[in-house]
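Me: I'm new to this one and would like to learn how to read it. Could you walk me through a few features?

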Amino acid sequence: MRGDRCEFCDGEMEQRRVLARFRFKEQTVYVESVPAWVCNKCAEQYFDAPVYKHLEEIAQQREHIQKTISFPLAEFEMVTT
Ligand SMILES: [Zn+2]
């Protein structure tokens, strides 16, 4: 993704920490402080492959508490082992 242009609007990508909205098994999980590439025009978010994998791990861990919390917030740095 480094140095790439946004595939929607051809805007420039900036690396930022974002509150990521992440779809996992038809549920929506929010994770704070996720390193992402953000388009400076349309604000589309892109994640590097290792980041995306980590988001999936967080989402898997979050599954069991989603029955009681409608919008769980997780820290990206949380331990997932
Ligand atoms: Zn864009």
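This is a predicted model: local features need pLDDT of at least 70, side-chain atom pairs count only at pLDDT 80 or more; totals for chains, interfaces and linings use all residues.

Me: What should the 14 residues of helix H1 span?

Reply: The idea is to count 1.5 Å a residue, taking one less than the number of residues. For H1, residues 49-62, that gives 20 Å, and the end C-alpha atoms are 20 Å apart, so the two agree.

Me: Which residues in H1 are buried?

Reply: Look for 20 or more other C-beta atoms within 10 Å of a residue's own. In H1, Leu55, Ile58, Ala59 and Arg62 are buried. They cover an arc of only 100 degrees around the axis, so they sit on the same side of H1.

Me: And which exposed residues does the face turned away from the buried side of H1 carry?

Reply: That face has Ala49, Pro50, Lys53 and Glu57, which are exposed.

Me: On to the backbone. What is phi of Ser33 near?

Reply: Ser33 isn't glycine, yet its phi is positive, near 60 degrees. You'll find Ser33 in strand E2, residues 27-39. Ser33 is partly exposed, as 13 other C-beta atoms lie within 10 Å.

Me: Where is Ala43 found?

Reply: In the loop between E2 and strand E3 (45-46). Ala43 has a positive phi too, near 65 degrees, and is a residue other than glycine.

Definitions and conventions:
Residues are numbered from 1 along each chain as its sequence is written. Helices (H or I, at least four residues) and strands (E, at least two) are DSSP runs, numbered from the N terminus. A residue is buried if 20 or more other C-beta atoms lie within 10 Å of its own, exposed if 12 or fewer, and partly exposed in between; C-beta atoms are placed from the backbone. The arc is that of the directions from the helix axis to the C-beta atoms.
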